[in-house]
Amino acid sequence: MSGKAKDNQVKIDQSQVELDSKIDELTQTNKRLKRKIFDLYTIFEISRHLNTVLKTDDLLDAIILTIIGQMGINGAAIFSRMIGDESNFILARHRGITLETEGDIVLRGDGRLIKYISSEQSRTYDFAELSRDLSGCDDIRILEMCECELVIPMSLKNEICGLLLVTSKISQTPFFEDDRDFLLILANQLAASVENANLFEREKTAFEELRKTQEQLIQSEKLAALGQLSARVAHEVNNPLGIIKNYLELMSIETGENDHPSEYVGIVSEEVDRIARIVRQLLDFYRPDSGEEVETNISAVLEETLLLVSMHLEKKGLTVEQDFQVEPAMIMASPEQMKQVFLNLIMNATDFTPAGGTITVTLESDGDDLLIQFRDTGPGIPEEDLPRVFEPFFTTRKGASGTGLGLAVCKGIVQKYNGTISALNHSEGGAVFVIRIPRIKRENNDE
Ligand SMILES: Nc1ncnc2c1ncn2[C@@H]1O[C@H](COP(=O)(O)OP(=O)(O)OP(=O)(O)O)[C@@H](O)[C@H]1O
Ligand SMILES: [Mg+2]
């Protein structure tokens, strides 16, 4: 071969080598592109599926399972913003990780870890890097506990809304760049899905609250209508009742003491008294407005009421224990109406508590309110009755002995003075009625 031909051959060989390496490079790029397209397609499919899951719990489960399956990892965990304390992140779901603690695991929103990750949200973080740069930080111990290898920020509108933690791969190979890109895109898609589900749940809760308020409104309108009707009926009944009572008096004078008619007159008279009592309660129920609102020392009113019923309680074999922590305990209310509230509660406690029992009355201050509690050692209130005891006409007293208006009257009066009254059962048995009422703040009030 001539010298020139040799030169040409060398050139051809060189070109061939360059061509081969170019082809190799192109094949690699093509492979990577194909993997990227595949990853993006997978992400698209996963997001499409996850966007249809609207319950946050189900969504988090689906996300974790998908990631574990797609990445071939041992486990994963998701931290998301805490409901009610949006500044911190709570471990919302995990799988394939053995955690020793049972309580909530929380990453602080203002902690070093979240600050570190917030500064650059578009990359993944190796546990090794985090534990080196944030050594000694509590959050690192949490990551360690979660067997974390890689942390992927879940961000939305440039704000971290959660963290995705993944453990090592089952194959024990490291996370490649493509894996990290895949997880990062997926995490951001998931952030949108989680936000979607949270919004939906918040919307649902708001709707539920609105529905409850509407129900309460209807209920109070019904009560107002019932009150008006009751007051009219009561008024109409009151007059003939007075006349009947008068004629009964006359009849009892006319009839002899031992014959039957006298016994009948006695029975009728008792029943008329009962009707009169119901009518009075009905009128009170509709007119909780009666009674002048003045500065009232509620501890004095309590003392008076207890004194009033002391004989009755003694006869029934009941002991009263009182513990008043506030003196004077000033509220704006009608003392007469508050006495009526206390009487109703004490009479209930007396009637429902067997002889030998105790009625405990306590008065204490709680912030700007006064707390007055009546506790007895009776059978308590069956759980299913608890929501109903303040309803007008609700009674479990047998026969004709109760009107079921006592507690409804109490509630009307207490609410009029911006207070609340609630019923519960004591853990050691017996019923407890709790009145919370705003106190008048005075310089010389004892705490
Ligand atoms: N201390 C208590 N222990 C157990 N159950 C109670 C107690 N207080 C109230 N209840 C329950 O709440 C119901 C309603 O009480 P409420 O005072 O409104 O009516 P009542 O006592 O039945 O009749 P009245 O109108 O004569 O007071 C009672 O029938 C009873 O079932
Ligand atoms: Mg009662």
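This is a predicted model: local features need pLDDT of at least 70, side-chain atom pairs count only at pLDDT 80 or more; totals for chains, interfaces and linings use all residues.
Buried stands for under 20% relative accessible area, exposed for over 50%, and partly exposed for what lies in between (1.4 Å probe, protein chains only). Helices (H or I, at least four residues) and strands (E, at least two) are DSSP runs, numbered from the N terminus.

I then listed the contacts of isoleucine 298, where contact means heavy atoms within 4.5 Å. Not counting residues up to four places away in sequence, isoleucine 298 touches Ala329, Ile331, Met338, Phe342, Leu363, Leu370 and Ile372.

**Conventions**

I number residues from 1 along each chain as its sequence is written, and chains are lettered from A and ligands numbered from 1 in the order in which they are written. Local features need pLDDT of at least 70, side-chain atom pairs count only at pLDDT 80 or more, and totals for chains, interfaces and linings use all residues, while side-chain values use heavy atoms, with hydrogens and water left out.

**Helix 9 against helix 10**

I examined the packing of these two helices. Their axes come within 9 Å and cross at roughly 145 degrees. Axes are lines fitted to C-alpha atoms, for helices over the stretch in contact, and angles run from 0 to 180 degrees between N-to-C directions. The crossing of helix 9 and helix 10 is left-handed, a term for a near helix turned anticlockwise from the far one by less than a right angle, with clockwise giving right-handed. On the helix 9 side I noted Gln337, Met338, Gln340, Val341, Asn344, Leu345 and Asn348. They meet Gly406, Leu407, Val409, Cys410, Ile413, Val414 and Lys416 in helix 10.

I count two strands as paired if DSSP finds at least two bridges between them. Strand 8 (residues 319-324) pairs with strand 10 (residues 358-366) in the parallel sense over 6 bridges, and glutamate 321 has threonine 360 as its bridge partner in strand 10. Strand 10 and strand 11 (residues 369-376) run antiparallel and are joined by 8 bridges. Leucine 363 stands opposite isoleucine 372 of strand 11. Strand 10 and strand 11 form a hairpin with 2 residues between them, and glycine 367 in the turn has a positive phi of about 65 degrees.

I traced an open sheet of 6 strands in the order 3-2-1-6-5-4, with antiparallel pairing. Strand 3 (106-107) and strand 4 (125-126) are at the edges with a single partner strand each, so one side of each is left without a neighbour in the sheet. Strand 2 (residues 85-95) and strand 3 run antiparallel, joined by 2 bridges, and isoleucine 90 stands opposite valine 106 in strand 3. Helix 2 (residues 56-71) packs on the sheet, touching strand 1 (76-82), strand 2 and strand 6. The direction of helix 2 makes about 55 degrees with that of strand 2.

**Serine 193**

Serine 193 is found in helix 6 (residues 177-254) and is buried at 2% relative accessibility. Leaving aside its neighbours within four places in sequence, serine 193 is in contact with Leu50, Asn51 and Leu59.

**Loops and backbone**

The peptide bond from glutamate 327 to proline 328 is cis, with omega near -5 degrees; proline 328 lies in the loop between strand 8 and strand 9 (330-333). Glutamate 147 has a positive phi near 55 degrees, though not a glycine. Glutamate 147 sits in the loop between helix 5 (138-145) and strand 5 (150-156) and is partly exposed at 37%. Lysine 157, also not a glycine, has a positive phi of about 50 degrees. Lysine 157 is in the loop between strand 5 and strand 6 (159-166) and counts as exposed at 79% relative accessibility.

**Cysteines**

I searched for disulfides, pairs of cysteine sulfur atoms within 2.5 Å, and the count came to 0. The sulfur of cysteine 148 is 7.4 Å from the closest cysteine sulfur, in cysteine 146, which is too far for a bond. Cysteine 148 is buried at 5% relative accessible area, and cysteine 410 is buried at 0%.
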